[in-house]
Amino acid sequence: MQIGVIGCGNMGQALIHGMLKVGFMHPSSLVVWDSDRGKLKKVSRVFKVRVGCSNPEAARAGIIILAVKPQQMEEVLEEIKGSLAHRPLVISIAAGVSTRWIEKRLGKGIPVVRVMPNTPALVGVGMSAVAGGTAAGQGALRTAERILGCVGRVVRVPERMINAVTAVSGSGPAYFFYLMEKMIETGRALGLPRAVAQELVLQTAAGAALLAASSGEDPRALRARVTSKGGTTEAAFKVFERGQLGAVLERGIRSAAARAKEMGG
Ligand SMILES: NC(=O)c1ccc[n+]([C@@H]2O[C@H](COP(=O)([O-])OP(=O)(O)OC[C@H]3O[C@@H](n4cnc5c(N)ncnc54)[C@H](OP(=O)(O)O)[C@@H]3O)[C@@H](O)[C@H]2O)c1
């Protein structure tokens, strides 16, 4: 089985890297294409994969991964639609582009799986959700899950939930980065050297995530354990609650979901 990767930017390269790293594919079974020749050169040099000479050539593979920006999808689908007589599995990671929209352009019967990944996929700890179109059966979904599983964890959801996924895990890394940013800035303001503040915050974030994931306990229970009566954490939370931080976060995440819907999801 060959996989054609169309678009070798951040996410395309993360997927290529992940599939090769875990041994899911051999470099000679990956055929890639990108309109940016510089990126193609780099991908060929770094990953030793086959570089095709057009999008239709990459689309001759049994599985096609579309990793271009949403606004580039129309042009790419137009280019490849004549090369799909073999009914490949089409996996799209474009945000806000529905399987129905893709099916309409590629024709009936092409199995399409839509994925919402996130940027930690770049370092192999991504979180992706997959949703199948009308012609995507269990086998297609399992294949997409295995591919995205090369760069992190995967859940399967009905497509109507993709906007919520986008708001929670698609945009989610940015929420945590913001919290890190603020913690580092405040550490600095309290007199810590930048490098020390950064190390304290990054390790605390990684440790908290690992503890929450491995303990199997609810984050609320873990938080309660750090919050002793009359202590420092409680002092922080009194201020957070007075400023209605929880409600602000909820409004922000709801707004991201609404924007995903507006964008065509
Ligand atoms: N990055 C994220 O946080 C994230 C998260 C979830 C989902 N996604 C989705 O992942 C997709 C890719 O994102 P990215 O950050 O990897 O984008 P990117 O770095 O811009 O990569 C897209 C690549 O496709 C190339 N391209 C443009 N038009 C093309 C065409 N007609 N044929 C072949 N290649 C073409 C681009 O070249 P040029 O640079 O020359 O245009 C670029 O190298 C997007 O649809 C995005 O919605 C991204």
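Here are some numbered notes on the predicted model above, going from the whole chain to its sheet, its ligand and a few single residues.

1. **Ground rules.** Residues are numbered from 1 along each chain, as its sequence is written. The model is predicted, and local features need pLDDT of at least 70, side-chain atom pairs count only at pLDDT 80 or more, and totals for chains, interfaces and linings use all residues.

2. **The chain as a whole.** You will find 12 helices and 8 strands in the chain. Both kinds of element are DSSP runs numbered from the N terminus: helices are H or I with at least four residues, and strands are E with at least two. Along the principal axes, the C-alpha atoms fill a box of roughly 70 × 40 × 30 Å. Of the 265 residues, 33% count as buried. Here, buried means that 20 or more other C-beta atoms lie within 10 Å of the residue's own, exposed means 12 or fewer, and partly exposed is in between, with C-beta atoms placed from the backbone. Among contacts with a separation of 6 or more, 65% come from residues 24 or more positions apart. A contact requires the C-beta atoms of two residues, placed from the backbone, to lie within 7 Å.

3. The 8 strands form an open sheet in the order 3-2-1-4-5-6-7-8, with mixed pairing. Two strands pair if DSSP finds at least two bridges between them. Which strands stand at the edges? They are strand 3 (50-51) and strand 8 (152-156); each has a single partner strand, so one side of each is left without a neighbour in the sheet.

4. **The strand 8 end.** Strand 7 (residues 126-132) pairs with strand 8 in the parallel sense, over 5 bridges. One of the links to look for joins V130 to its bridge partner R156 in strand 8. Helix 7 (residues 162-170) packs on the sheet, where it touches strand 6 (112-116) and strand 7. The direction of helix 7 makes about 35° with that of strand 6; axes are lines fitted to C-alpha atoms, for helices over the stretch in contact, and angles run from 0 to 180 degrees between N-to-C directions.

5. **Strand 4 and its partners.** Strand 4 (residues 63-66) is covered on both faces, with I63 and I65 buried on one side and I64 and L66 buried on the other. Strand 1 (residues 3-6) runs parallel to strand 4 and is joined to it by 4 bridges, and I3 has I63 as its bridge partner. Strand 5 (residues 89-92) is also parallel to strand 4, again with 4 bridges, and L66 stands opposite S92. Between strand 4 and strand 5 the chain passes through helix 4 (residues 73-80), making a right-handed β-α-β crossover. Right-handed means that, with the strands pointing away from the viewer, the path from the first strand over the helix to the second runs clockwise.

6. **The ligand shell.** How many residues surround the ligand? There are 27, and the closest are G7, G9, M11, A94 and A95. A residue is near a molecule if its C-beta atom, placed from the backbone, lies within 6 Å of it. Helix 1 (10-21) and helix 4 each supply at least two residues of the shell, and helix 1 gives the most, with 3 residues. By type, the shell divides into 12 nonpolar, 10 polar and 5 charged residues. In this scheme Ala, Val, Leu, Ile, Met, Phe, Trp, Tyr, Cys and Pro are nonpolar, Asp, Glu, Lys and Arg are charged, and the others, Gly among them, are polar.

7. **A buried alanine.** A260 is in helix 12 (residues 245-262). Is A260 buried or exposed? A260 counts as buried because it has 21 C-beta neighbours inside 10 Å. A164 is 96 residues away from A260 in sequence, but their C-alpha atoms are 8.3 Å apart in space.

8. **Loops worth a look.** G243 and Q244 lie in the loop between helix 11 (232-242) and helix 12. G243 is exposed, with 10 other C-beta atoms within 10 Å, and its C-alpha atom is 51 Å from that of L30. Q244 is exposed too, with 11 such atoms, and has a positive phi of about 55° although it is not a glycine. R87, in the loop between helix 4 and strand 5, also has a positive phi, near 50°. With 13 C-beta neighbours inside 10 Å, R87 counts as partly exposed.
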